[in-house]
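The following exercises are to be worked with the sequence and the coordinates at hand. Each task is followed by a solution in steps.

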Amino acid sequence: REEGVAALRAEGIQAYCDLVQNIKFEKPISVVSMMDVLEHIPYPKEVLMSLHSIMDEDGVLLISMPNSESWLWKVWTRENKNPYFNTIEHYHNFSKTRLVSLLNECGFTFKKYRVSERYRSGMEIIAQRNPKQ
């Protein structure tokens, strides 16, 4: 969101509000944080492929998002109270299984998984760029 990027820039942090494919970075990136981002992107595979191409050989991704395989997700769905259904801001609802598969398709290796401390229905995944691809 533009407000968030403006706040970061005001603190002297290099930040962008654009598709990663449109940004010209001066050097390879070593860490990318996509906390509650990927599910809001219409074409996440394109973004992940672009990130792979501009990251250091051992670059790391940190991804956080709701997990459609979580126990809480299942309870909400069963009770017809899932807040992630019909949300206009989410293009996708990922499971851990699908996200790990997508990361592999895009040249990343799954490293670590944990349940989000902020959102019990959420997941946090660390993946590393596979330099062989």
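**Exercise 1.** Determine whether asparagine 80 is buried or exposed, and describe its backbone.

Solution. Step 1: asparagine 80 has a relative accessible area of 73%. Step 2: the classes are buried, under 20% relative accessible area, exposed, over 50%, and partly exposed in between, with a 1.4 Å probe and protein chains only. Asparagine 80 is therefore exposed. Step 3: this residue lies in the loop between α3 (71-78) and α4; helices (H or I, at least four residues) and strands (E, at least two) are DSSP runs, numbered from the N terminus. Step 4: phi of asparagine 80 is near 60°, which is a positive value in a residue other than glycine.

The model is predicted, so local features need pLDDT of at least 70 and side-chain atom pairs count only at pLDDT 80 or more, while totals for chains, interfaces and linings use all residues. Residues are numbered from 1 along each chain as its sequence is written, and side-chain values use heavy atoms, with hydrogens and water left out.

**Exercise 2.** Carry out the analysis of Exercise 1 for aspartate 36.

Solution. Step 1: aspartate 36 is found in the loop between β1 and α2. Step 2: its phi is near 60°, a positive value in a residue other than glycine. Step 3: the relative accessibility of aspartate 36 is 24%, so this residue counts as partly exposed.

**Exercise 3.** State the strand order of the sheet and describe how its strands pair.

Solution. Step 1: four strands form an open sheet in the order β1-β2-β4-β3, with mixed pairing; two strands pair if DSSP finds at least two bridges between them. Step 2: β1 (29-35) and β3 (108-115) are the edge strands, each pairing on one side only. Step 3: from one strand to the next, the twist averages 15°. Axes are lines fitted to C-alpha atoms, for helices over the stretch in contact, and angles run from 0 to 180 degrees between N-to-C directions.

Step 1: β2 and β4 run antiparallel and are joined by seven bridges; the bridge partner of valine 60 in β4 is glutamine 128. Step 5: β3 and β4 (residues 122-129) also pair in the antiparallel sense, over seven bridges. A hairpin through six residues joins β3 to β4. Arginine 114 has glutamate 124 of β4 as its bridge partner, and lysine 112 stands opposite isoleucine 126 in β4. Step 6: six of the eight residues of β4 are buried, and this strand is mostly covered.

**Exercise 4.** How many aromatic pairs are found in the whole structure, and how are the rings of two of them arranged?

Solution. Step 1: rings of Phe, Tyr and Trp (its six-membered ring) pair if their centres lie within 6.5 Å; planes under 30 degrees apart count as stacked, over 60 as edge-to-face and the rest as tilted. Step 2: the search finds four aromatic pairs. Step 3: tyrosine 16 and phenylalanine 25 lie 5.6 Å centre to centre with 75° between the planes, an edge-to-face pair. Step 4: tryptophan 76 and tyrosine 84 form a tilted pair, at 6.1 Å centre to centre and 50° between the planes. Step 5: Trp73, Trp76, Tyr84 and Phe85 form one aromatic cluster.
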